[in-house]
Amino acid sequence: MTTRVRFAPSPTGYLHIGSARTALFNYLYARSTGGKFLLRVEDTDLARSTEESTRSILDGLAWLELGHDEEIVFQSNNADKHRAAALRLLAEGKAYRDFTPKEAPVQGNIKDAIKERARAEQGETTMRDNPYRDLTREESDSRAAAGEPFAIRLKVPVEGRTAFDDQVYGIQERDYADTEDLVLLRSDGHPLYNLAVVCDDIEMEITHVIRGQDHLTNTHKQILIYEALGVTPPTFAHLPLILAPNKGKLSKRKHGEIVSMTTYRDAGFLAAAFRNFLALLGWSAGEEQEIYSLDELVEKFTLEGIHRSNAMFNFHPDDPRKWTDDKAIWFNAEYIRTMPLDELLPFVKAELRSAKLWREEYDQAGVAMSADIPSTADLGPDGRPATVAAAIQEIGSRDWLIRTLDAIRQRFFTLKDFSNQGRAYFSEDFDFDPAAVAKNLSKFPDLQTWLPELADRFGSEFGSQTETGAVATDKAFTESEIETVVKAFTEEKGTKLGVIMNGSRTLLTGVGVGPSMLTVFEIVGLDRTLTRLRSQIPWNL
RNA sequence: GUCCGGUUCGUCUAGGGGUCUAGGACACCGCCCUUUCACGGCGGCAACACGGGUUCAAAUCCCGUACCGGAUACCA
């Protein structure tokens, strides 16, 4: 039998991290068993469901690349079938009409009100003392015919218990006495959750229900419905919950966008990295590996590897540097710096493009400077072309882009960093970090004259314009040549190399961190290096 | 209240009676590398909730307690 699983969110908000992980696990289970991953939107709560939520959830799933099979099922479309099922159970005597007038909706905190009521009723009533439970069929029919409103409740047997073997939590048993005669159909004819879920899962031929642990006790009710309907229940696997830092349940209302999937997408997270993070929140393959590709996850995923204890998602909304879980950030950084460049490139392209930093020339591989690409005979000892400078200095070239991205990504955390911290590599319009200016420039006033002098030196050494006129040489602006020049210059000034390098870094990139300064000179290129070394802007800040 | 579930470093976790003076990862802290650094290398700090059993032997099995979580609705 082919396994068929479903992800069934209710569209009452965006896709949050807990639901996303449920979707992931369903997806992984389907793929690992060669089954189908279905999607069902549980939009039966008309008051709270919105189309916008549905779209947001779909966006989140698309971002995570959790593609579903078959058509999306909208639960509200099946209301007639749900009603028919309830009516059938009524006709068969497995459910009954409850003529008790509907209670007024509670004010304030619903959860508290329910808890309070449950506590108050404790000991005074049993689950089976509804006065309408044993009404004769004739009387029930005639009251209904007379137009008296009623809800339909399941007639839970007095003696016995429900039992199922949860694939994560093991054997679960519950006495019927602990389950109320749940409402199947509201007095306005609206079918309720437990009924709708069971009917749809039957219709969709779901074989494995994989969902949050908050449904563990609902399962007993659902099994009762399966039994009444005469259908064998599917296999159940409940997932531990993902908790907020206060160990409370993750809530869209309370925790806001920080738990929304789209927040991570928009913050420059890579779907692959976030998926990896999510997979390890409540599941493990029992080994020490941390980085898993989607294929590896599919290959290694088992229900046995799912944990029973809840996990905490450690976000800090007030800390800009660590606004979300450390490990999520680490995964993202790890992916950014180790992913094959050609896989990373499309994401960087999108980021640069949205920041208006992308140039169409980046797409044209090697055309502009094909004449300058060195032959293999020119490879230096480090395996890099010794005379590559001409090619990589062509700012509009793909080669330059690749080299630059590879150098700067080593210290980046999100895709956003390419357009923020990395801005100076792609644009003349960048800001200076005051801390870097203070630490690397203001502390050494001599640099205000030295660095323009260094620009002149570069100009005369590498053949570009100086303030006194054009000089042409054939020396390439490459790391080793640059190093020679900078070292000589530093000695002349009787200062330390670090002073010159860090001052240059700040002037060239606006920030205090980055790759080796020699690399930075090279990828910023001679022309821009000269201009920026002469810039007086940061000195006047 | 009742029912159900859970409890290993701050966090994510490995562990299924002896190989556990409890392993890995993130974070944190040192040292190294170095022109900076949030890269890299090396090292450090840090946990079996508590109490009883069972056993030659328990983080691992059983019972109790505590704490945490979930459910308890004519919401989903």
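I began with Leu66, which counts as buried because its relative accessibility is 3%, where buried means under 20% relative accessible area, exposed over 50% and partly exposed in between, with a 1.4 Å probe and protein chains only. I noted that this is a predicted model in which local features need pLDDT of at least 70 and side-chain atom pairs count only at pLDDT 80 or more, while totals for chains, interfaces and linings use all residues. Residues are numbered from 1 along each chain as its sequence is written, chains are lettered from A and ligands numbered from 1 in the order in which they are written, and side-chain values use heavy atoms, with hydrogens and water left out.

I placed Leu66 in the loop between helix 2 (51-63) and strand 3 (73-74); helices (H or I, at least four residues) and strands (E, at least two) are DSSP runs numbered from the N terminus. Setting aside residues up to four places away in sequence, I found that Leu66 touches Ala20, Ala23, Leu24, Tyr27, Phe37, Leu61 and Arg275, contact meaning heavy atoms within 4.5 Å. Of these, Ala23 is 43 residues from Leu66 in sequence, with 7.7 Å between their C-alpha atoms.

Next I looked up an open sheet of three strands, whose order is 4-5-8 with antiparallel pairing; two strands pair if DSSP finds at least two bridges between them. Strand 4 (95-98) and strand 8 (183-185) are the edges, each with a single partner strand, so one side of each has no neighbour in the sheet. Strand 4 pairs with strand 5 (residues 151-154) over four bridges, and there I saw Asp98 opposite Ala151.

I then asked which side chain of opposite charge is nearest to Asp166. Asp166, in strand 6 (residues 161-166), is buried without a salt bridge, and the side chain in question is that of Arg211, 7.2 Å away; a salt bridge needs a side-chain nitrogen of Lys or Arg within 4 Å of a carboxyl oxygen of Asp or Glu. The side chain of Asp166 does reach the backbone nitrogen of Val168, at 2.8 Å. Beyond its neighbours within four places in sequence, Asp166 is in contact with Ile171, Gln172, Leu216, Phe236, Ala237 and His238.

Last, I checked strand 9 (residues 208-212), which is mostly covered, five of its five residues being buried. Strand 9 pairs in the parallel sense with strand 10 (residues 235-239) over five bridges, and the bridge partner of Gly212 in strand 10 is Leu239.

Notes:
Lys and Arg count as positive and Asp and Glu as negative; His and the chain ends are not counted. A polar contact is a pair of N or O atoms within 3.5 Å; within protein, one must be able to donate a hydrogen and the other to accept it, and residues adjacent in sequence count only if both atoms are side-chain atoms.
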